[in-house]
Amino acid sequence: MAVATFVNTIGNGMYMTVMVMYFTRSVGLPASQVGLGFTIAGLIGLAAGVPVGHLADRRGPREVSVVLGLLAGVVMVGFTMVHSFWQFLGVAIVENLVASSNRAARGAMIARFGGEDKAVFRAYLRSVTNVGIALGGVAGGLGLVFDTRAWYVGLIGFNALSFVVSSLIALRVPRMDPLPVPPGANRWIAMGDRRFLASAGLIGLMSMQFEVLLFAAPLWIAKLGHAPRWTVGAVLVINTVLVATLQVRMSRGVDTVAKGVKATVRSGWIFAGAAVLFGSIGWVPAWAAVVLLLVAAAVHSLGEIVQQAGVFELGYELAAEHAQGQYQGLLSMMTGAAMSLAPGVFALACVDWAPAGWFVIGAVFAAAGCAMPLAVRIRPPALLAATEAAVAMEAGPVAVAEVQAV
């Protein structure tokens, strides 16, 4: 799974680097249409996560993920053939439906193969993902330098090939039969799990933090004008290096629901501190602004690592084992919906209303983190609650005490 992830994310890094320039400069679409198309496609794509996750639970996550990977390669080739907005929108919608579906199936795979260390396994794959995207970004940068259709099409074609190769590698992952559905279980158990819905909503809200370094900080830097533009790249390098080197290490200790909740609370306060640093950049001289910006990026990256450690634990441990694909699809849907709103929210708060908007955003992150203990106390579905109690009894009195505490 790590090798398959690495191959695929190199291709993804190439595509992510050149996609905007390809659609605007090579296809000839206005930037506003590209942005609108991706927004519409992203929102429509969210609908596929839960039903396809359910399919992965019942038919086997490996098989569903492999088929979706091959389909993703075909869809990516479709991007090289678009010449109008409506063609672009159609392909983008299919691409997002496939991507959302694959995240759900992949989440079910991680849940099964991660065993007792699902969170650490997921953290390891995330580190691999960051390295792959960084390497792909370097290759994508060459496409931006040469700025020709041949380069753009070639890089997108390589991404399509990476999906196919990644899927073939994933066939080496052992097949695991679907877990049996407990008697009396609701078919769509995830959608009726109020505890998971509340937790996923908070996770989605806090996941808007991914757009801080990618979107909000670059726009804020550009507006201020007294920090060099190279600092935008430096911010992303800091984030990539810290995540790749620290994610696994900082996820190892987050191995219970209670610790996942604590990590979420802690990350909210770290994001708040980083937001204060970002908002203060305009009040210092240019040389100090560069230092403050890099420090803020490092602090925010640490918050991201801590938050994701909590997400990995809560996302899997609050879910019913026989329906992990369905639950991961729901989590992906909630996260995707929040992140689709992030650019608009950050453009308003972190640019138009800055610096005060930065402090408001920081307060929202802190409040969301502090609300997580309340969310996990919501009573889960009866079947899931009974299962948790049975597992805890088998694990001993310490586990029982933890279930009661949560």
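This is a predicted model: local features need pLDDT of at least 70, side-chain atom pairs count only at pLDDT 80 or more; totals for chains, interfaces and linings use all residues.
1. Cys370, for its part, is in no disulfide, and the nearest cysteine sulfur to its own is that of Cys350, 19 Å away.

2. Confidence. The protein chain has a mean pLDDT of 89, and 94% of its residues reach 70 or more. Over residues 398-406, however, the pLDDT is below 50. Beyond near neighbours in sequence, that stretch has 13 contacts in the model. The contacts of residues 398-406 should be read with that pLDDT in mind.

3. The largest nonpolar core. This core has 50 residues, and those that touch the most other members are Phe196, Phe278, Tyr327, Phe346, Trp358 and Met372. At least two residues of the core come from each of helix H8 (194-206), helix H9 (210-224), helix H11 (257-279), H12, H13 and helix H14 (356-376). H13 gives the largest share, 8 residues. In soluble globular proteins, nonpolar side chains tend to be buried together.

4. Phe196 and the other core. Which residues does Phe196 contact, leaving aside its neighbours within four places in sequence? They are Leu314, Gly315, Leu318, Ala319, Tyr327, Leu330 and Leu331. One of these, Tyr327, is also listed with Phe196 among the residues that touch the most other members of the largest core. Apart from that core lies another, of 34 residues, including Tyr22, Val34, Leu89 and Ile156.

5. Salt bridges: the network. The structure holds 8 salt bridges. Arg62, Glu63, Arg175 and Asp177 are linked by such bridges in a network. Within it, the side chains of Arg62 and Glu63 meet at 3.0 Å, N to O. Arg62 counts as buried because its relative accessibility is 16%, under the 20% limit. Glu63, at 24% relative accessibility, counts as partly exposed.

6. Salt bridges: a link across the sequence. Lys118 and Glu321 form a salt bridge, with their closest N and O atoms 3.6 Å apart. The pair joins distant parts of the chain, 203 residues apart: Lys118 is in helix H6, while Glu321 sits in the loop between helix H12 (286-317) and helix H13 (324-352). Are the two partners buried or partly exposed? Lys118 counts as buried, at 9% relative accessibility, and Glu321 counts as partly exposed, at 35%.

7. Salt bridges: Asp255 and Lys259. In this salt bridge the closest N and O atoms are 3.3 Å apart. Asp255 is partly exposed, with a relative accessibility of 45%. Lys259 is also partly exposed, at 39% relative accessibility.

8. Helix H5. Residues 85-114 make up this helix of 30 residues. From its first C-alpha to its last, H5 reaches 42 Å, close to the 44 Å expected at 1.5 Å a residue. Is H5 mostly covered or mostly uncovered? H5 is mostly covered, with 21 of its 30 residues buried. Gly115 follows H5 and has a positive phi, near 60°.

9. Helix H6. This helix takes in residues 118-146, 29 residues in number. At 1.5 Å a residue H6 should span 42 Å, and its end C-alpha atoms are 42 Å apart, so the two values agree. Lys118, the residue of the salt bridge with Glu321, lies in H6. Just after H6, Asp147 takes a positive phi of about 50°.

10. Leu236. This residue is found in helix H10 (residues 230-251). At 32% relative accessibility, Leu236 counts as partly exposed. Not counting residues up to four places away in sequence, Leu236 touches Leu213 and Leu214. Leu236 and Ala298 are 62 residues apart in sequence, and their C-alpha atoms are 9.8 Å apart in space.

Note on methods: Residues are numbered from 1 along each chain as its sequence is written. Side-chain values use heavy atoms; hydrogens and water are left out. Helices (H or I, at least four residues) and strands (E, at least two) are DSSP runs, numbered from the N terminus. The expected span of a helix is 1.5 Å times one less than its number of residues. pLDDT is the predictor's confidence in each residue, from 0 to 100. Contact means heavy atoms within 4.5 Å. A salt bridge is a side-chain nitrogen of Lys or Arg within 4 Å of a carboxyl oxygen of Asp or Glu. Buried means under 20% relative accessible area, exposed over 50%, partly exposed in between (1.4 Å probe, protein chains only). A nonpolar core is a set of buried Ala, Val, Leu, Ile, Met, Phe, Trp, Tyr and Cys residues joined through side-chain atoms within 4.5 Å. A disulfide is a pair of cysteine sulfur atoms within 2.5 Å.
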